[in-house]
Amino acid sequence: MTVQLPIYMDNHATTPLDPRVLQAMMPYLTNVFGNAASRNHSFGWAAEEAVSQAREEVRLLVGAASTKEIVFTSGATESNNLAIKGVAHQYREKGNHLVTAKTEHKAVLDTMKRLEREGFEVTYLDVDPQGLVTPEQVEAALRPGTLLVSLMLANNEIGTIQPIAEIGAVCRKRGVLLHTDAVQAVGRMAVSVEDLNVDLLSLSGHKIYGPKGVGALYVRRTPGPKKGPRVRLTPEMDGGGHEQGMRSGTLNVPGIVGLGEAARLARLEWQKDAAHAFALRERLRKKLYDALDMVHLNGADDPRRLPGNLNVSFSFVEGEAMMMGIKDVAVSSGSACTSASLEPSYVLRALGVDSELAHSSIRFGLGRFNTEEEVDHVADIVIREVRRLRDMSPLYDLHKEGIDYKSIQWQAH
Ligand SMILES: *Cc1c(COP(=O)(O)O)cnc(C)c1O
């Protein structure tokens, strides 16, 4: 049995393009090159037809009532910006308060920071040690003048799944709009804008085995069975008035076709993908736990955790050294890397994980194309490396002798 190196196990950062998606895109990268806005000839019609089909696939994936509620963007960063700034600017005369959480993606947090500089007020909710926000917390944060709550459905670092449906019920009761960044959730769990009570939802092509540089924003317009509001957004981009006037710019036809095919496959195969990712994650977790002591799980327990997410910290192991030792395995570390600073992951810090353990954390993201052989190989490499680094650690020696190293008064020389 041989596995091919390097092994990709970082499916929260991006996913490989599914070959079926590439196949669907190929004609639109070659001879079907029309502009979807060209109404006067067959080149334009062909492009427009392909875009409509893709829009229908995205609609079906998230359970939207109408294709008019799907706005194509350049990715979830833009979707998050458009949702949050679009609402804030549109409803400015109604209030100036927004609510989010400390563990959100930077595309949400940095958008909020910019709005604060424009005079909006933002509440950043704390999370519990599993990364969860409660509906009660959200309710307590709402006040007259709250325009929007933005909370992710599933976290990209720790895989924690927020109780968005319950939070949505609170928001709806209080007449506040709810946006969810569902980038990590779609294709990995059931996602329906009706069941979740959300008014805006972001998703991205390259996190569901589609191409990079394309995403979508769901914007509620048709009152659903539960009577959601019609949401209006101030566009961020001015131009030809594409996408119901919410996002001007010539449509990325091949990208949109790819997103549509990725959405179709996600809708038909997400349960199979989720079961596969879960089985691999549990196989990996068991191997690591059986072989090593002092392994700590970061994030929530099932079922409030994404099936393919394993985020663990190894006591007495330095994250950067660990990453060097497992070069043939593509994973992420909660250490430094993200910000070119020495600060460990802000998500892990928000959970209350101490700085040392945050630095020693590794995020494994199992996906559609990972195999059992890869998991076994990765487990062997990680176990070997943790043991090697601990063998060099005087603190681990003390720990094995039963001495609590944190209580030692070190002598200065
Ligand atoms: C990747 C990611 C984004 C950004 O999506 P892009 O399409 O790469 O801009 C936003 N939110 C979450 C949770 C993500 O994982």
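Predicted model: local features only at pLDDT ≥ 70, side-chain atom pairs only at ≥ 80, totals over all residues.

Me: Which residues come nearest to the ligand?

Reply: The shell has 13 residues, and those nearest to the ligand are Thr77, Asp181, Gln184, Ser204 and Lys207.

Me: What should I look for in the side chains of threonine 77, aspartate 181 and histidine 206?

Reply: Look for pairs of N or O atoms within 3.5 Å, the cut-off for a polar contact. In the side chain of threonine 77, an N or O atom is 2.6 Å from an oxygen atom of the ligand. The side chain of aspartate 181 has an N or O atom 2.6 Å from a nitrogen atom of the ligand. For histidine 206, the distance from a side-chain N or O atom to a ligand oxygen is 2.8 Å. As for cover, the ligand taken alone exposes 380 Å², and the protein buries 87% of that.

Me: Now the helices. At what angle do H2 and H7 pack?

Reply: For a helix pair, read the angle, the distance between axes and the handedness. Helix H2 (residues 42–62) packs against helix H7 (residues 253–291) at about 35°, and their axes are 8 Å apart. The crossing of H2 past H7 is left-handed. On the H2 side, the contact includes Ala47, Ala50, Val51 and Ala54, while H7 contributes residues including Val253, Ile256, Val257 and Gly260. The contact residues divide into 13 nonpolar, 1 polar and 3 charged.

Me: How do I read the backbone, and where is a cis peptide bond found?

Reply: As a general idea, most peptide bonds are trans, and most residues other than glycine have a negative phi. Here, leucine 5 and proline 6 are joined by a cis peptide bond, with omega about -5°. Proline 6 sits in the segment before strand S1 (7–8). Another cis bond links aspartate 302 to proline 303, with omega about 5°. Proline 303 belongs to the loop between strand S9 (295–297) and strand S10 (309–314).

Me: And what is phi for tyrosine 209?

Reply: Phi of tyrosine 209 is near 65°, a positive value in a residue that is not glycine. You can find tyrosine 209 in the loop between strand S7 (200–204) and strand S8 (215–219).

Note on methods: Residues numbered from 1 in each chain as written. Heavy atoms only, no water. Near = heavy atom within 4 Å. Polar contact = N/O pair within 3.5 Å; in protein donor to acceptor, adjacent residues only side chain to side chain. Areas by Shrake-Rupley, 256 points an atom, 1.4 Å probe, with all protein chains shown as cover. Axes fitted to C-alpha atoms, helices over the stretch in contact; angles between N-to-C directions. Helix = DSSP H or I, 4+ residues; strand = E, 2+ residues; numbered from the N terminus. Left-handed = near helix turned anticlockwise from the far one by under 90°. Contact = heavy atoms within 4.5 Å. Nonpolar A, V, L, I, M, F, W, Y, C, P; charged D, E, K, R; others polar.
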